[in-house]
Amino acid sequence: MKRLHLSLLLCLSFVLLTGFQARGSDLADILEQKGIITEEEAREAREDKAKEKTFKLLEKIEKIDFKGDLRLRHDTQWRDEGDDKYDRNRERLRLRFGFDTKITDTTKVGVRLVSGSGYQNTTNQSFDEHARGKQIFIDRAYASWQPADFFKITGGKHKNPLFTTPLVWDPDVNPEGVSESLNFNITDSISIFSNLGQWFIEELKIKDSDRDPTLLVFQLGTQIKPSKKIKFELAGTYYDFKNLDELEWDKDGALDETDTFLGYNNKYGQQMIFDNDKKLLNEFKCWELAAKVNIKDVLPVPFSIFGNYIINVGADIDELMEKGVDPGDSDPADLAAYGGDDRDTGWLVGLSVGNKKKKGDWYAKYHYQVLEDYAFPAVFVDSDFHGGGTNNKGHYIHGRYFLADNIQARATGFFTERDDERKDEKKDEDRVQLDIVINF
């Protein structure tokens with residue numbers, strides 16, 4: 001092998017001195033043709049090179065963790081709006097496919113593509129439009145750096161790192177920006193954790209403005225394991241939506257539609273409130289408390305109890321009225337109908353029971369929730385509960401059975417109604433979803 005290395009060096013020198021350019025030729029063949037190495041040595045060199053490339057390729061592939069799932073759904077809604085009744089049946093799919101890979105011992109990169117229509121809180125795609133092709137979107141694209149077991153920083157479009165419940169965040173929402181996570185073990189049974197987020201809401205395309213709307217998140221929590229059978233988790237979170245007053249409704253401005261930020265339930269849930277200068281008046285400075293208890297080896301299957309509460313201390317309907325509401329974009333009479341009630345809180349309680357790991361496992365989950373109009377921005381909350389948005393309350397029931405390790409049959413029911421009818425007409429909605437989910 002020393003002779004081979006020397007021969008390669010001599011050949012490289014020869015090429016540099018004579019200006020010879022080997023395009024599309026194998027270096028071992030050139031050395032053999034020049035009589036620098038023998039035919040056997042050339043063959044060994046080609047085999048070693050092929051093995052090296054193969055090993056490098058296999059090493060890279062082994063570091064890549066591919067994941068995907070396909071969900072086929074039948075979705076039925078029964079809705080009552082005043083004297084009108086509305087039934088809707090849809091066949092839908094959700095496709096997700098992605099990977100993550102460690103590029104160094106401390107750095108990971110991940111990508112996930114999904115079906116859907118581009119909304120941040122849903123990845124469903126309905127069977128319609130004469131079997132037209134369906135769109136694919138970038139759902140996640142991130143890099144994370146974890147120099148120590150207790151600290152990780154993630155940037156890009158990434159999974160929501162917060163300890164929370166479906167009351168506040170739809171699980172399809174993947175925030176954009178930077179997140180930091182810390183976790184410290186105080187004792188063998190007690191740990192504390194913190195999640196921080198600097199997430200982007202909107203980029204303003206307005207001259208003379210450098211105050212883009214952003215969300216700053218601060219979460220502090222603890223995990224306590226008094227025994228091997230019980231785990232208790234508790235976290236408090238503060239959400240500071242900054243610079244929302246820079247969002248201006250204008251056909252050529254940051255918001256070309258009055259429901260761009262707060263979601264598609266603008267009028268009959270959480271209303272966009274603008275002043276006479278078309279500046280957004282809604283404010284969201286929200287405190288959340290979430291808790292969960294997991295218990296195993298007491299019943300034949302594990303079970304948990306969970307809940308959370310949220311309040312938006314920035315909501316003040318009287319102050320909105322005083323600042324001046326533009327009748328052309330938001331109706332002052334709707335706000336006045338609340339009689340000064342800020343509609344700023346929400347809460348959820350629920351339980352789950354069962355396993356969800358392998359063939360034959362079953363799992364069930366139930367919760368009841370109330371979410372007032374201005375407790376949290378409607379654009380981020382569950383898109384299925386009461387048709388999406390806020391100003392709702394009701395029951396969620398879910399069950400699944402594992403037909404195989406990677407195939408599940410699921411059924412979900414939503415039995416919901418308008419929480420407060422003073423601002424608009426009554427709206428009740430029941431919804432049933434039947435799913436087959438295949439993981440690959």
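**Salt bridges across the whole structure.** A search of the whole structure finds 27 salt bridges; each is a side-chain nitrogen of Lys or Arg within 4 Å of a carboxyl oxygen of Asp or Glu. This is a predicted model, where local features need pLDDT of at least 70 and side-chain atom pairs count only at pLDDT 80 or more, while totals for chains, interfaces and linings use all residues. Residues are numbered from 1 along each chain as its sequence is written, and side-chain values use heavy atoms, with hydrogens and water left out.

**R96 and D69 form a salt bridge.** Their closest N and O atoms are 2.9 Å apart. R96 sits in strand β2 (residues 84-102) and D69 in strand β1 (residues 64-81), 27 residues apart. Strands are DSSP runs of E, at least two residues; helices are runs of H or I, at least four; both are numbered from the N terminus. R96 counts as buried at 18% relative accessibility, and D69 at 7%. Buried means under 20% relative accessible area, exposed over 50%, partly exposed in between (1.4 Å probe, protein chains only).

**D75 and R92 meet in a salt bridge.** The N to O distance is 3.7 Å. D75 lies in strand β1 and R92 in strand β2, so the pair ties together parts 17 residues apart in sequence. Both residues are buried.

**K323 and E283 meet in a salt bridge.** Here the N to O distance is 3.4 Å. K323 belongs to helix α4 (residues 317-323), and E283 to the loop between β10 (230-242) and β11 (285-295). K323 is partly exposed at 40% relative accessible area; E283 is partly exposed at 35%.
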